[in-house]
Amino acid sequence: MEDTHTDSAATWAWFRSNFQGEIVEPSSSPSSSGDSPSRYDALRSAWNGDLDKRPRVIVLPTSKEDIATAVLFSRKLGVEITARCGGHSMRCCIDDGVVVDLRTLRKVTVDAQARVAYVQGGALLRDLDVACDPLSLATPAGQVSHTGVSGLALGGGFGYLARRYGLCCDNILAVTIILASGEYVRASKDEHPDLYWAIKGAGHNFGIVYEFEFQLHPLPEFSTGTLIYPIAVAKDVLKVYRSLMDDAPDLLSVYCMLIGHPQMGPVVIFTLSYVGDVASLNRDANALLSWGTPMVKVTHPIPYVQLQCQMDAHAPPGPARYNWEGLIEDVDDDVIDHFVDHFLLSPAGVSTYSMMSRMGGAIARTPAITGENAFGLRDKKYLVGLVGTFPPAAGDSSIRDACVSWGKTARSFITSDYVNSAHELSTLERTFGKNVGRLVAIKKRYDPDNVFCINHNLLALSSSD
């Protein structure tokens with residue numbers, strides 16, 4: 001990032017006189033006891049307990065003007081800047097920089113007639129889902145309700161509705177975004193169309209979004225199911241799952257997880273979701289539902305907003321984690337063997353689970369309403385992920401090191417990286433596919449000084465490839 005810093009005292013005075021929101025420094029609101037974190041420590045904590053950064057300042061804006069002021073402030077100081085929404089990203093907090101914490105901007109307004117949701121940049125998935133559910137409307141989002149909409153949408157956004165209605169980024173109609181210059185603009189098909197294309201899949205590189213406009217879809221009926229099998233039959237049942245999903249309708253999604261269950265031991269869990277009634281779900285998923293002798297088998301109607309919260313128990317904030325999601329062309333028998341075998345090799349002291357979800361459907365097609373975008377991995381058939389949870393290191397990093405080693409081996413068959421869940425930076429081609437050249441050109445136009453550099457960075461990585 002270009003160093004444009006000026007006198008620090010004068011810069012701070014300018015910032016305090018122009019920023020209307022809360023400003024939290026390391027010395028702010030010190031704790032009166034060792035048991036209660038200070039305001040600063042509470043705000044810098046992240047979903048992943050492995051992230052322990054100490055920013056120079058955390059700011060909580062109340063408007064797009066405040067966000068613009070924070071961007072200019074970071075440039076005047078000559079320090080890095082990052083944005084935080086739900087706090088899931090490993091880049092939501094940084095050392096010695098400015099963190100723009102958007103949690104004060106969570107308003108969601110729904111225009112039911114136009115089927116459009118106006119969503120402020122700090123909103124969580126639960127804010128969006130709760131606002132839309134009474135109107136039997138929804139837009140594709142993730143699977144954990146305390147995920148931030150902004151981080152998810154700008155990098156893609158997989159979820160239960162993606163095979164039917166596309167990725168979260170495919171449903172962005174427009175954004176109001178604050179650029180590196182401090183200017184805020186609306187990007188849509190008709191306004192800054194190149195920026196609009198780029199933010200849908202690589203948006204973390206281009207600015208901080210104040211507001212999204214999302215396309216909504218009717219969701220009058222929604223159904224779900226759960227199947228649980230012992231790990232001993234994992235390889236066989238995964239082949240049945242693969243065969244089912246090769247010809248499954250877009251209405252059906254099936255999410256697979258290998259996990260250690262507290263009562264049942266290591267198991268395979270399938271979560272089925274269906275845009276329609278239970279009878280149709282049972283018909284279209286019959287090949288899987290009728291296979292073998294599951295430990296649990298149930299299908300039933302469910303409010304979409306309720307299903308959106310079911311994964312929360314597997315993803316509580318606080319524990320230290322090594323997590324990774326990537327995409328692969330297909331799942332053959334060798335991939336299934338690797339997927340299961342390495343789950344069973346979890347190191348001592350580490351709690352792990354592995355995930356697999358079939359893409360395809362609307363994900364594989366150019367979005368009909370919003371057009372092409374920067375998400376460049378639509379030809380991949382499967383999203384695969386892994387999570388290792390371990391105690392935060394207290395001087396001894398051996399358990400963490402073992403977890404990271406396990407994770408890197410377990411993900412060795414992944415050929416492309418999902419930008420929202422890559423624990424470490426990788427090559428641009430693995431993340432953005434064929435869109436790299438166009439993205440780098442747009443980055444140079446809108447952020448030539450690389451102000452927004454705490455991400456899968458288009459300029460830094462392109463110069464090192």
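Which residues does I231 touch, not counting residues up to four places away in sequence? In this predicted model, I231 touches L258, P266, V267, V268, F343 and L344. The residue is found in the loop between strand 12 and helix 8 (234–246). I231 has a relative accessibility of 17% and therefore counts as buried, the cut-off being under 20%.

**Aromatic pairs**

The count of aromatic pairs comes to 12. One of them joins W12 and F73, whose ring centres are 4.9 Å apart and whose planes stand at 75°, so this pair is edge-to-face. It links distant parts of the chain: W12 belongs to helix 1 (residues 8–18) and F73 to helix 3 (residues 64–77), 61 residues apart. Both W12 and F73 are buried.

A further pair is formed by Y229 and F270; with planes at 80°, it is edge-to-face because that angle is over 60 degrees. Y229 lies in strand 12 (residues 223–230) and F270 in strand 14 (residues 265–274), so the pair ties together parts that are 41 residues apart in sequence. Y229 is buried, as is F270. These two rings also belong to a cluster, in which ring pairs link Y229, Y241, F270, W291 and Y382.

The two pairs are set out here.

| Pair | Distance between ring centres | Angle between planes |
|---|---|---|
| W12 and F73 | 4.9 Å | 75° |
| Y229 and F270 | 6.3 Å | 80° |

**Charges over rings**

Charged side chains also lie over aromatic faces. K76 is placed over the face of W14, at 4.9 Å from the ring centre. R438 lies over the face of W197, at 3.8 Å from the ring centre.

**The two sides of helix 1**

Which residues in helix 1 are buried? They are T11, W12 and F15. Around the axis they cover an arc of only 95°, which puts them on the same side of helix 1. In general, an α-helix has 3.6 residues a turn, so residues three or four places apart point the same way. On the other side of helix 1, A9 and S17 are exposed. The cover over the buried residues of helix 1 includes strand 1 (22–24), strand 2 (57–60) and helix 3.

Definitions and conventions:
Residues are numbered from 1 along each chain as its sequence is written. This is a predicted model: local features need pLDDT of at least 70, side-chain atom pairs count only at pLDDT 80 or more; totals for chains, interfaces and linings use all residues. Side-chain values use heavy atoms; hydrogens and water are left out. Rings of Phe, Tyr and Trp (its six-membered ring) pair if their centres lie within 6.5 Å; planes under 30 degrees apart count as stacked, over 60 as edge-to-face and the rest as tilted. Helices (H or I, at least four residues) and strands (E, at least two) are DSSP runs, numbered from the N terminus. Buried means under 20% relative accessible area, exposed over 50%, partly exposed in between (1.4 Å probe, protein chains only). A charge sits over a ring if NZ of Lys or CZ of Arg is within 6 Å of the ring centre and within 35 degrees of the ring normal. The arc is that of the directions from the helix axis to the C-beta atoms. Contact means heavy atoms within 4.5 Å.
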